Each structure stands twice: as structure tokens, then as C-alpha cells.
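Please have the sequence and model open.

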Amino acid sequence: MDKTLLETWICCDLRAISDDDLTVDTERPSGQREMVASTATQSFNRFSNLWTVAQWNFSIRESVNQGYAHKALLLFREMKQNGLEPNNLTFPSVAKACSKLLNSKYCQIVHTHVVKSGFQSDLFVQTSVVDMYVKCSQLGFAYNVFARMPHRDVASWNSMILGFAQLGFVDRVVDLFHEMGIEGIRADSVTVIGLTQSALSVKDLRMMKSVHSLGIKIGLEIDVSVSNTWIAAYAKCGELGLAETVFDGIDKDLMTAVSWNSLIAGYALFEQCPKAIGFFKKMIHGGFRADLSTILSLLSSCLQPEVLFHGKLIHCHGIQVGCDSDIQVINTLISMYSKCGDIGSARYLFDNMLAKTRVSWTAMIAGYSEKGDLDEAMTLFSEMEAVGEKPDLVTVVSLLSGCGQTGALELGKWIDDYSITNGLKDNLIVCNALIDMYAKCGNTDNARELFYAIPEKSLVSWTTLIAGYALNGEFKEALDLFFQMIELRLKPNHVTFLAVLQACNHGGFLEKGWECFNLMTKVFKINPGLDHYSCMANLLGRMGRLKEAFEFIQNMPFEPDAGIWGGLLSSCKIHRNIVIAECVAYHLFELDSQTAGPYVEMANIYASAGKWDRVAEIRTMMKCNKVRKSPGKSIVQVNGKTHEFTVEDRFHPEGFLIYETLENLALHMKE
């Protein structure tokens, strides 16, 4: 250790750990904090010089284990003041207390006393000091202690591996693991969990599989904690199949609620509500009880209007198991109801919360933003600031998303200014959201300017601007930016390719479209999704290659949805191909006989060909199937206020003036 640093630390005294700290212990509710302070004072009055080091150690250890970290440090101070010297069993408990408090100042004080004691070379003590610094995110200090240890066991290595893994330093984790092997230290379950976390931090599936193989090789597949970690990691890497395989391989007698929750959380991550619910039923039938984690994961899987009923059932189950008053559950319920279209229920829960957090406000604001009700979202935003709850980047990003969705450019600019004033624009996530907002509002100049002002662009930055160009008809610019990105050796993902294929589709660039599709599948080895196939099918249809498009759709590795068939039907209408249109319409009617769009399209195709008898047949089919066409609607924003109109809408308060103005405009157009 550096001599100057050591001398500085030795100047620190345990007086820095004051009695006042006890009253601000955030680990316990206020009533319990007062009780702790009272208990600690009474205990100190009873202590005397007759107490042995072992008795002090026991009291310190019990305080830490019961969650009273500050009390443990005060006991340590009292022990020193009574003239007793700590031993190798004292320091690990004291170090653990510092870890729980996440206080780097206390860490340094305790480390100083370790150095001054005769136990600075004790393996157990040194490992606890390393672990203390790691848990307080002081990796530099942790590594300095670790590197100077004359002897290191697997626990020492694991502390450093976990520390670097949790902060995403994958290269350091791999290097440490290799060094550990060279020193002849055999990996254990904690090592494998650390390596798994490291692979997960960068979503490196290849590394994940290698760690999995290592675990099997050293016989850890029977360790349920390791298996649970693998389930969660595979699910977060998008490999639900492998997560299910690991789950199925767990011995039924060893399986825990965490095993079930890990896979349910995986389904929730990909919004697979039916699978999550089905798996939950198996969990209950298997004799396991739902806990807070189960309810949160299940609610997180319900994010579409069609699964609102399931969300309500889970809400009821949460009430039955007694976690409906938990603030995390209420916040998740607000988000669930909002995303499922039941904004009224979300607002009811929000209004009845006794103590709203920043997450609560943000969830409700996001709900209104997603619904397109920016007036109410901004009202809540103002109320949030008025009660002293400061909006964060998630709040701002939610509002920007709503601005992009509704085309509210002026409000978007105001939020841009707000993010500058409040120091949020330095965050890359906010910058990307601003690029997206400007592009969706049609202001590609501001989006481009902001993009090039970002010093270190992420893949999301590039993809967002490419998508923005495509959305605004600047197809050549979108392709140029994509190939510029490739030249810089940045690896595009499936979202980037979707944006590029959309540009090719709307621009009618068939050759470039095939080039990008082949680049995706053959060079970058990315499996196309339904959206990518849909873009190519639409592109072929637009260019009049209707037969080729039809065969392309039939040969897809997925079942075509209504969107793909609907796009081809529109192309058949443009190119007046009745034969293929009839085949496509058959598939659409099979998928959904209640949607009006395909009937209207086929009626128009027959009408353009003069086949009026067929038009009559289509209308008869619509009546027999009780299909109704929903009227179209428009949303206009005037002076920050959103106005919605449907066809022949006469209910607006300013309706008379609006239609009078429209008639005047129509006359001007005729002139």
C-alpha cells in the first residue's frame, strides 16, 4: 500500500462513525430506527471491560446479520474505546457492515485499522476487505488489496470476478479467470455465476454457452442456484428455448420458486403473456406459492389490450397473496393498465397511492403519452415538479415518445430545452429519444444536427436516424448512412436492418433491398423476423413482381400474418391483378373474417375492373359476417391542445367555424 495514503488513512479515527449516523439509518423504517438507537444505547450502558473479544464479535456479527449495519460499526468503535483489540473474526463482520452501508469513507477507516492490526496478512481478513471494496464499487482499492495478497483462495478470486462482472468489465473478468486457472485454483459455483453475469452484461450468447459448458464439465449443473442464473441469462439473451432446457434439467426435488420465477421473467421480457400464465399455472399445481417477484413478472408480461383480462386476474391474485400494497406492484399495475388501454384504472390506482415515487409519476405520465393525451401528461408533469419530485431521463423520454407519436413538434422543442436546463441532454438515451422525436415530427434537419453533435454514438443513434430518414422519404440518405455505418465496422442489428429495408421498400429500391437482405442473412448471420420478410414482400409487390411476392410469402419460415397478406392485396389493387388478389383475400378471410379492410380492398379491385356483380357479393359477405367499417379519424394540435376529428364530425365546440373555413379553402382551391 502507498505510504502517503496509509498515513492519511491512519489520521482517520473511528470518531468519524458518529452516533448521529444511527438516526439516519435508511435500512429500516423510522419507527424501527428509533428502536435501534434506543437498544444500542441501552446495550452500551451494560458493556464493561469484563466483556471478551469473542462477546464483542458475537454482538457485531448479530447486528450485521439482523440488518443493523450502523449499530455494528458503533459496537466496533465502543470495543476499541474499551481498550480491546479486534481479531481476525472481528474485521470480516465490520467489513460486511461497510458493504451494506455502501460507504467508501467507512471502508477506508476500517481498512486502516486492518493495516494497523496484526491481521493484514490474514487470508480471511484480506478477502473480506476485497469484498467490502467491491460491494462499494471501489474496484481500484479492491484490486490493489487483491494484487498484494501473498496467498489467494477461490473466495478471493470470486470477489474480484464478481466485482468486475457487475460493472461490465468483461475483458478483466476473462483475464482474472485465466490467471485463476494458472494459479491452480478450481472454479466453483460462485465463479460460474460471476462469469455468467459477465456474459449477460454484453448479451454474448457464445460466451454464455461456453460458461454453461464449463459448469457442466465441473459438475455444477446439479447446483440449483447456478441453473437459476443460467435460466435468467439465456432468457435475457433471447434464447428462451435454452432457458426452458435448463429449467427442464433441474431435479424436481431441488427446484425452487426462483427457478419458476426466472423463466416467468423470461417470458415477460418478450411479452409472451399466454406462456407466462400457462407456466404460472404449472408452478401453482407443482405446490409452489407465488411471491412478489412472480406477480411483478406476470404483470410485466401483460402489455397489450388483448391480455387486459389476464392482467386483471393477476391483479386479483396479487391481492390474495397480500402484495397489492407493495409500491413496486402498484407502479407495475399502473404501467400494465396503461399499456393495455385501461387508463382509467391506472389513474384510479395512481390517485389512491398514499406515497407516490418518481417511478409512480413517470408510469402515469408514460401512460398518457402512449395514449396520445399530451395535455394530461404535461399537467401531471407540472404537478410532479410542484410536489418536489424531480423528473428524470425516463420521464423525459416518455414525453418525447408521446410528442413523436402525435407530431407535437413545439412541445418536443420545449422538452429539448428542459433537458438542457436540467442537465439531461448529456445522456445518450435522451439524445436518441430527441433524434427520434424530431424525425417523427418531420424535422430531419434537427435530428441530423443532433446526431452529428453526439460525441460517441451508439448503435441506437445510427438506427434511429436511419429510420427517421426512411419515415420522411429521404431514402437515399437512409441507405448512405447505413453503408457509412458498415464502413466504420459497426455491427447492425435486426432493428437497423428493418429500418433499411423499410427505406428500400418505400423508395422502390429492389436491388438494394435484396442486397441488404442478403447482407443481413449471409454476412451478419441475423435471422430475419416477420417484419423483415414483410418489407421484402411489400417491395416485390410495389415493383409489380406479384407472383414472386406471393411465392416469397408462402416460402417464409413463419406463418404469414394479416399485415403481410394485406400489403400484397394493396399491391394487387395498384397493379390490377384480380387472380392473385383473390388468392390473397382468401388467406385474409381465413385469418380474420371480421376486419373490414380486405372486403373494402376487394370491392375496390372488382369495381375498378367493372365486375359489379362481384362487388355486390363482397357487400353481401360483409352483411352476413356483420362486418362494420370504423370511420377514419384525424388528430390536429393547435396551441399545444390536441383535437380529434372523425368523418362528418360535427360535435367540436368550434365545429361551425371549422367547416366554414374548410368551405372557404375549398372555394379558393377551385379558383
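## Nonpolar core

The largest nonpolar core holds 193 residues. Such a core is a set of buried Ala, Val, Leu, Ile, Met, Phe, Trp, Tyr and Cys residues joined through side-chain atoms within 4.5 Å. Ile334 and Leu568 have the most contacts inside this core. Helix 25 (residues 428-440) gives the core its largest share, eight residues.

Leu568 touches Asn538, Leu546, Ala549, Phe550, Ile553 and Val584, leaving aside residues up to four places away in sequence. Contact means heavy atoms within 4.5 Å.

## Basis of the model

The model is predicted: local features need pLDDT of at least 70, side-chain atom pairs count only at pLDDT 80 or more, and totals for chains, interfaces and linings use all residues. Residues are numbered from 1 along each chain as its sequence is written, and side-chain values use heavy atoms, with hydrogens and water left out.

## Helices 28 and 29

Helix 28 (residues 475-487) packs on helix 29 (residues 494-507) at about 145°, with axes 9 Å apart. Axes are lines fitted to C-alpha atoms over the stretch in contact, and angles run from 0 to 180 degrees between N-to-C directions.

Helix 28 contributes Phe475, Ala478, Leu479, Phe482 and Met485. Among the helix 29 partners are Phe497, Val500 and Cys504. The contact has nine nonpolar, three polar and no charged residues.

## Whole chain

The chain has 37 helices and two strands. These are DSSP runs: helices (H or I) of at least four residues, strands (E) of at least two, numbered from the N terminus. Of its 671 residues, 45% count as buried, meaning under 20% relative accessible area with a 1.4 Å probe, protein chains only.

Definitions and conventions: Buried means under 20% relative accessible area, exposed over 50%, partly exposed in between (1.4 Å probe, protein chains only). Ala, Val, Leu, Ile, Met, Phe, Trp, Tyr, Cys and Pro count as nonpolar, Asp, Glu, Lys and Arg as charged, and the others, Gly among them, as polar.
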